[in-house]
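Thanks for coming. Let's take a quick walk through one structure. Please bring up the view.

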Amino acid sequence: MKQVFYSLIAFLCLSSASVFSKEYDVLNVTLNQQTYKFERPVRLASVLSIVANQDDWYWPASAVYNLNAVAAEQEREAIKAEISALLPLIERHSDKYSALGHLYRQVSSWKLATRIPMPVSYDKARLFFTDNPMFQFGDYSIQLKRRPEVIHFLGAIRRPGTYKHQSGTPVYKMVEDVKTHIHADQSFVYVIDPTGNIEKRGVAYWNLDASQLMPGSQVYVPITSELFSDRIEKLNERVAALAVNRLLP
């Protein structure tokens, strides 16, 4: 059922992209920096066949982006506007003010493109119709990667960026080893796995999540929420959702 849902969403996203490009009827697909032009709509398996055997690709970390869509950039601007609206409500030069400013700079620096929620696998695309959607006219990017060796930490931490993936290490232990901001939430983090799924994982003594992280995952350490307001909590949810659209190195 989950596969069918993702495939349906992918079909709708890919189909809607043609609205942006019918005026020139061109299909451009960029595969890891190399752009290929097609004269007619083409299915995922046909596109992947160009490079499928060129390397040992780690398919769970592969992703498709609709370069004609502007949803990710619009959400980035909305999040930046929300942070800007929150800052005057917080004491200037306070730790929380600093944490929000730090988050603003991170979000501003991200390289984004609107991700299409669909699984990417050459074998599955060849075998199953539901995993082999049609690319309509438009501009797309497909990122293919070898198995990642890092975890991407972001949010309320001192040094956002990549940290070495430690096989067999649970999420709470990895969070313990990262220097977090004084206003980092001590109970939960958001884990965005390479396929784009988002989960809230416990990292406090009373809710420890012992599950491991997929290589290439992102871990968003949220800022602590306000006691009488849910604005920062909602902001954290939006930032985690936006991170799905990051173009990671």
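Start at asparagine 32. At 32% relative accessibility, it counts as partly exposed; that label covers the range between buried, under 20% relative accessible area, and exposed, over 50%, with a 1.4 Å probe and protein chains only. Asparagine 32 sits in the loop between β1 (27-31) and β2 (34-38). Helices (H or I, at least four residues) and strands (E, at least two) are DSSP runs, numbered from the N terminus. The phi of asparagine 32 is positive, about 50°, although this residue is not a glycine. Most residues other than glycine have a negative phi.

A word on the source. This is a predicted model, where local features need pLDDT of at least 70, side-chain atom pairs count only at pLDDT 80 or more, and totals for chains, interfaces and linings use all residues. Residues are numbered from 1 along each chain as its sequence is written, and side-chain values use heavy atoms, leaving out hydrogens and water.

Next, histidine 93. It lies in the loop between α4 and α5. Histidine 93 is exposed, at 73% relative accessible area.

Now the inside. A nonpolar core is a set of buried Ala, Val, Leu, Ile, Met, Phe, Trp, Tyr and Cys residues joined through side-chain atoms within 4.5 Å. The largest one has 41 residues, and Phe153 and Val219 touch the most other members. Several elements supply at least two residues each, among them α4 (71-86), β8 (150-155) and α8 (231-243). The largest share, six residues, comes from α8. A second, separate core has 24 residues, including Trp59 and Ile116.
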